[in-house]
Amino acid sequence: MELNEKTVKQTTVYDGHIIKVRLDEAELPDGSRAPREVVVHPGGVGIALEDEDGKFFFVRQYRYGQGIVMLEYPAGKKEPGEDPLTTAKREIVEETGYEGNGFVRLGSLVPTPAYDSEVIELYYAKQGAFVGQHLDEDENINLTKLTLDEITELVVSGEVTDAKTVAMTFLIREFKNRGIIA
């Protein structure tokens with residue numbers, strides 16, 4: 001059975017600083033038409049930065065959309081036309097103050113495929129030199145470090161629910177088990 005839908009019409013209903021919202025009309029495989037709401041997002045990155053003691057940098061920050069403080073791997077939004085690795089290198093310095101060395105791409109994450117175009121590229125790196133933290137004007141975070149076992153326990157217990165953190169924790173474990181990263 002054919003599953004693909006064809007976009008017939010796109011109407012931008014909101015064009016904001018980070019996202020755009022469209023109301024599309026889609027032609028379904030049977031020829032009928034249906035509305036599709038789409039959040040257009042430029043994409044982003046998540047970075048697992050491991051220090052020399054095997055601990056990973058984490059950020060605690062208030063997430064307005066959820067209305068709570070969340071614990072996550074450092075992450076950030078891509079600038080228009082920016083390569084994801086360039087974004088990862090910029091964001092890890094901005095949020096932790098440390099450069100990353102030996103970046104390894106872990107994969108991609110599509111957090112909300114039903115209505116959001118966002119794709120998050122996931123990276124692992126070793127801690128490099130301290131060059132100073134450079135947070136965005138409206139960004140408030142607290143840094144902490146956790147072992148892979150500690151973060152795994154927080155994920156399994158349900159205390160950490162951020163999708164990229166859950167996925168990255170699994171991927172890092174598997175990459176380490178398979179000898180892809182040390």
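**Valine 21**

I started at valine 21 and found its place in strand S2, residues 20-27. The model I am reading is a predicted one. I looked up the relative accessibility of valine 21: the value is 22%, so the residue counts as partly exposed. The cut-off for buried is under 20%. I then listed its contacts, leaving aside neighbours within four places in sequence, and got Thr11, Thr12, Val13, Tyr14 and Val38.

**Whole chain**

I counted elements next and noted 3 helices and 10 strands. Read from the N terminus on, the order is β-β-β-β-β-β-β-α-β-β-β-α-α. Along the principal axes, the C-alpha atoms fill a box of roughly 60 × 40 × 30 Å. The chain has 182 residues, and I recorded 42% of them as buried. For the accessible surface I noted about 10,600 Å², with 50% of that belonging to carbon and sulfur atoms.

I checked how far along the sequence the contacts reach. Taking contacts with a separation of 6 or more, 56% are between residues 24 or more positions apart. On charge, I have 20 positive and 33 negative side chains, and the centres of the two sets lie 3 Å apart.

**Strand S4**

I went to S4, residues 44-50, and asked how many of its residues are buried. The count is 7 of 7. In a regular strand the side chains alternate between the two faces of the sheet.

Which strands pair with S4? I found S9, in the parallel sense, over 7 bridges. I also found S7, residues 75-77, joined to S4 by 3 bridges and running antiparallel. For individual positions, I wrote down glycine 44 opposite lysine 77 in S7. Towards S9, valine 45 stands opposite glutamate 121, and isoleucine 47 has tyrosine 123 as its bridge partner.

**Strand S9**

I followed the pairing into S9, residues 120-130, where 8 of the 11 residues are buried. Besides its parallel pairing with S4, S9 is joined to S8, residues 98-109, by 8 bridges, and that pair runs antiparallel. One position I looked up there is valine 104, which stands opposite tyrosine 124 in S9.

**Helix H2 and leucine 148**

In H2, residues 148-156, I listed the buried residues as Leu148, Ile151, Thr152, Leu154 and Val155. I asked why these fall on the same side of H2. They cover an arc of only 160 degrees around the axis, which puts them together on that side. On the face turned away from the buried side I noted the exposed residues Asp149 and Val156.

I then checked what the buried residues of H2 pack against. The partners are strands S5 (55-63), S6 (68-72) and S10 (141-147), together with helix H3 (163-177). After the helix comes glycine 158, and I recorded its phi as positive, near 85 degrees.

Not counting residues up to four places away in sequence, leucine 148 touches Gly54, Phe56, Tyr73, Thr169, Ile172, Arg173 and Lys176. I also took the C-alpha distance from leucine 148 to lysine 55: the two are 93 residues apart along the chain and separated by 7.0 Å.

**Glycine 67**

My last entry is glycine 67, whose place is in the loop between S5 and S6. At 39% relative accessibility I put glycine 67 down as partly exposed. I looked up its distance to phenylalanine 130, which is 63 residues away along the chain: the C-alpha atoms are separated by 32 Å.

Notes:
Residues are numbered from 1 along each chain as its sequence is written. This is a predicted model: local features need pLDDT of at least 70, side-chain atom pairs count only at pLDDT 80 or more; totals for chains, interfaces and linings use all residues. Side-chain values use heavy atoms; hydrogens and water are left out. Helices (H or I, at least four residues) and strands (E, at least two) are DSSP runs, numbered from the N terminus. Buried means under 20% relative accessible area, exposed over 50%, partly exposed in between (1.4 Å probe, protein chains only). Contact means heavy atoms within 4.5 Å. Accessible areas come from the Shrake-Rupley method with a 1.4 Å probe; for residues, only the protein chains shown count as cover. Lys and Arg count as positive and Asp and Glu as negative; His and the chain ends are not counted. The place of a charge is taken as NZ of Lys, CZ of Arg, CG of Asp or CD of Glu. Two strands pair if DSSP finds at least two bridges between them. The arc is that of the directions from the helix axis to the C-beta atoms.
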